[in-house]
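Please read this short report alongside the sequence and the 3D view. It covers overall fold, domains and chain contact.

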Amino acid sequence: MGWIFFAAAAWALGWLLNVWLARQPVTWWSSLAAPVIFGVTLLAVWEGMVRGFEINQVLLPAPTAIAARIGTSADLLWADFAQTVLKGALSGYVIGCGAAFVIAVAVDRFPFLQRGLLPVGNFVAALPVIGMAPILVMWFGFDWQSKAAVVVVMVFFPMLVNTVQGLQAADAMQKDLMRTYAAGYWRTLLKLRLPSAMPFIFNGLKIGTTLALIGAIVAEFFGSPIVGMGFRISTSVGQLTLDLVWAEIFVAALAGSAFYGLMALAEQRVTFWHPSQRN
Amino acid sequence: MRRSVVPVLTVVGFLLVFWYAAAVWLNAPWAYNKAQRAGETLSFSQVVADTWSQKKPKLPAPHQVVKEVWETTAQKAVTSKRSLIYHSGVTLSATLLGFVLGTGLGILLAVGIVYNRTMDMSVMPWVIASQTIPILAIAPMIIVVLNAVGISGLLPKAMISMYLSFFPVVVGMVKGLRSPEAMQLDQMRTWHASKGQTFWKLRLPSSMPYLFTSLKIAMAASLVGAIVGELPTGAVAGLGARLLAGSYYGQTVQIWSALVMAAVLAACLVGIIGVLQRVMLRRMGMG
């Protein structure tokens with residue numbers, strides 16, 4: 001009973017605190033504190049519920065149990081992280097986004113190809129591309145190369161579509177201005193069209209971050225060496241060691257948020273001139 | 001629209017040619033291997049013919065996939081376990097349930113975020129953060145845990161679809177519900193409209209274009225969720241199960257035909273929403 005009361009009290013306290021925060025004038029720390037308080041409240045409620053209702057630890061481990069697990073198997077988690085994120089997801093992300101960027105710039109010179117590629121690319125971007133995973137695992141073997149290949153296929157089309165659209169973003173007036181400066185194709189591309197495409201390109205890059213992680217992890221369900229986050233998740237579920245699964249999820253969430261945050265930060269630096277980045 | 005038919009067909013044609021060429025390139029080693037063991041030498045045309053008609057090719061040629069899809073849809077009874085229509089139906093029901101749940105949750109959250117400052121400040125960042133978690137990775141656990149509590153079948157898969165589809169709806173609806181300009185909101189105030197009236201007569205209608213755009217993304221995401229949700233259940237039924245079974249037994253043609261079905265399903269579902277969008281927005285005088 002005590003723990004249930006704890007959960008209810010934590011919820012009420014967290015909510016009241018946030019209501020109070022919302023009434024204050026907005027500063028940078030209050031806009032940061034509100035979501036943090038909400039997150040901590042959720043964790044406290046989770047802990048209280050699990051203990052209060054005596055939910056089986058096998059089904060839903062308490063946050064403290066997960067934290068303890070992260071502490072004891074840090075080495076294992078790091079090995080999985082290196083295999084899946086550093087080797088699989090990152091290399092695939094770089095290859096996929098790089099290839100899409102180069103092809104988009106090349107296609108941009110031919111309006112005919114562009115008109116054909118945009119609808120097809122949009123269509124493929126909406127398909128369940130993740131289904132390609134078993135095929136790519138068959139082609140490239142069980143190790144990280146096949147995971148990278150899945151990631152390449154997943155990030156390629158969103159990136160391509162966004163870059164092609166971005167390259168069309170510069171308006172006629174600006175292009176005319178470049179012409180009056182007697183700027184050639186390359187100069188116009190570098191000084192005008194690529195910079196004005198940047199908001200779109202970063203949109204593609206940001207979508208790609210989550211897709212890359214998902215692709216690398218799900219691809220491991222179809223076969224992997226005995227290391228990797230997807231492998232660990234699927235085997236631990238089989239052994240019902242769910243605290244390890246949650247630990248992997250925590251690492252994945254951390255990696256995903258950091259990856260996304262990094263891209264968002266880079267976007268802020270590069271596209272500081274865009275209306276959405278100005279306050 | 002009509003302007004882009006020829007370019008699109010060109011690109012699709014190019015992709016098909018590329019596919020056939022890749023099939024020759026990837027399947028040729030096996031063809032040569034077979035011929036060597038039989039003590040024959042192959043001419044180029046024989047190799048090409050062989051690579052396009054192998055039983056378990058590395059990459060099946062398009063016509064093999066089309067044939068397999070035709071055989072497993074039109075020529076099998078719908079109730080048969082080998083019918084792709086049956087498996088698509090299983091996946092479709094989970095997709096739709098998850099989509100409806102996700103859309104409902106997304107709209108509710110969006111209304112809360114727009115009308116409640118506390119929610120806007122504390123919940124909105126978590127909605128965004130929730131999508132940086134590769135939810136598909138947790139799919140196996142969600143399904144096992146819900147199974148242990150006695151919930152099985154459609155609902156666990158639908159939960160994964162829901163998680164994937166609520167996000168675009170929240171983001172789109174928050175944007176949409178905030179899209180009326182200050183002038184329009186002032187107008188409502190001069191008419192002494194209540195909060196409810198402002199919502200039903202101004203905010204909700206003006207959010208519709210945003211909603212439909214989000215729904216298309218949500219539908220595609222929901223399908224992906226349902227397919228991945230079928231993987232850990234041990235290949236019982238559904239398109240995801242077909243993918244897994246195919247990858248266990250090296251049945252590449254089966255994998256590709258399941259993929260084609262998934263693509264067709266995605267195209268149909270998104271297409272239906274597109275049609276609804278056009279009809280609805282035209283009726284509201286926005287098309």
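This is a predicted model: local features need pLDDT of at least 70, side-chain atom pairs count only at pLDDT 80 or more; totals for chains, interfaces and linings use all residues.

Residues are numbered from 1 along each chain as its sequence is written, while chains are lettered from A and ligands numbered from 1 in the order in which they are written.

Chain A has 11 helices and zero strands. Helices (H or I, at least four residues) and strands (E, at least two) are DSSP runs, numbered from the N terminus. The radius of gyration of chain A, 23 Å, is well over the 19 Å that the globule rule gives for 279 residues, so chain A is more spread out than a compact globule. That radius is taken over C-alpha atoms, and the rule is 2.2 Å times the number of residues to the power 0.38. The C-alpha atoms fill a box of roughly 75 × 55 × 30 Å along the principal axes.

Chain A has two assigned domains, with bounds from an automatic or database domain assignment.

| Domain of chain A | Residues |
|---|---|
| domain 1 | 2-54 |
| domain 2 | 70-277 |

Their centres, taken over C-alpha atoms, are 34 Å apart.

Now the contact between chains. Chain A brings 49 residues and chain B brings 47 residues. Two residues are in contact if their C-beta atoms, placed from the backbone, lie within 7 Å. H5(A) gives the most to the side of chain A that touches chain B, with nine residues.
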